[in-house]
Amino acid sequence: MFATRRLPGPALDELAAECDVDVWSDRMPPGADALADRSAAADGLVCLLTDRIDGALLARCPRLRAVSSVSVGVDHVDLAAATARRIPVGHTPGVLTETTADLAFALLLAAARRVVEGDRFVRGGEWAPERVWEPDMLLGRDVHGATLGVVGLGAIGQAVARRAAGFGMRVVGWSKTPRAVPGVASVALGALLAEADFVSVHVALTPETRGLLDADAIARMKPGAVLVNTARGGIVDETALAAALASGRLAGAGLDVFAREPLDSASPLLALPNVVLTPHIGSASEATRAKMATLAIRNLQAALAGHRMPHCANPAVYER
Ligand code: GLV
């Protein structure tokens, strides 16, 4: 089998004791040709969200019997093409829920209370004796008592809602498929955008959710609101968001994901002090990344042994 990157934890080494494991060892991910060449020799592929697994790649890999991504999101995989080839695609839900919710809340708090601006202020030598405690210095937004709007009430959205309860927030939520979640008032997306002081995005990126928070949706957000995105960049119109932040209509944003990653050095977001930016690290704790690797390897092992993957993103492959 071929793994497109070394993984944290022991899972890959354990697999290597059982079968031939080819691991891409460069720091740069494989390009499309290298990915196809190395995958073509394999019956199983362990990939990351940076690897584009499309129909053209699958067509070059007739031996391939299983794809297992070390991610919960599978927007980088053409699920229809994999299903047509009856290739199960594994992913890693569950194990990263709480870790990703922690980061969403960290970004929410950091953007609300201008934590990164404060850090820059101190390190930049601006904290001078005459500014030791200015009554109007770095004033932010209160999190306690505010309304949080959770866009997408799956496992991560619900975990963020639980954290919000501890901060005394009122939580409203919207999901494509309505869900009753304790402590969350279910509302239409338009109402959520109009009411929420903080909006946190937790839908998967699919053709239906691409651009869900477009310029119109951003214009409907409450003036002075803060947007947090730890899901996928393609869900939010970054140009419209940057304009709303630059004009002051939105107070801030905390963004871990971007339409193009790494973030383009020309992105207007980089020039905005009221945006906290992190490099797609939602699931990046030592323990969680090791669990993701273990789960991805379990998915692969199950499929190669002819069993159902524990977490399969295209269960239609198992329908007769
Ligand atoms: C991270 O973004 C993931 O999908 O696991």
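The model is predicted: local features need pLDDT of at least 70, side-chain atom pairs count only at pLDDT 80 or more, and totals for chains, interfaces and linings use all residues. Residues are numbered from 1 along each chain as its sequence is written, and side-chain values use heavy atoms, with hydrogens and water left out.

**H5 and H7**

I noted H5 as residues 97–112 and H7 as residues 155–166. Helices (H or I, at least four residues) and strands (E, at least two) are DSSP runs, numbered from the N terminus. The two axes come within 8 Å and cross at roughly 55 degrees. Axes are lines fitted to C-alpha atoms, for helices over the stretch in contact, and angles run from 0 to 180 degrees between N-to-C directions. H5 and H7 are therefore oblique to each other (under 35 degrees is roughly parallel, over 145 roughly antiparallel, 65 to 115 roughly perpendicular, the rest oblique).

I then listed the contacts (heavy atoms within 4.5 Å). Among the H5 residues that meet H7 are Thr97, Ala101 and Phe105. The H7 side includes Ile156, Val160 and Arg163.

**Ring pair**

I counted 1 aromatic pair (ring centres of Phe, Tyr and Trp, its six-membered ring, within 6.5 Å; planes under 30 degrees apart are stacked, over 60 edge-to-face, the rest tilted). The rings of phenylalanine 105 and phenylalanine 167 have centres 5.0 Å apart and planes at 40 degrees, so the pair is tilted. Phenylalanine 105 lies in H5 and phenylalanine 167 in the loop between H7 and strand E7 (170–174), so the pair ties together parts 62 residues apart in sequence. Phenylalanine 105 is buried at 5% relative accessible area, and phenylalanine 167 is partly exposed at 35% (buried is under 20%, exposed over 50%, partly exposed in between; 1.4 Å probe, protein chains only).

**Serine 68**

I found serine 68 in strand E4 (residues 66–69). Serine 68 is buried, at 0% relative accessible area. Its C-alpha is 7.4 Å from that of isoleucine 297, 229 residues apart in sequence.

**Backbone**

I checked the peptide bond from glutamate 261 to proline 262: it is cis, with omega near 0 degrees. Arginine 114, not a glycine, has a positive phi of about 55 degrees. I place arginine 114 in the loop between H5 and helix H6 (115–123).
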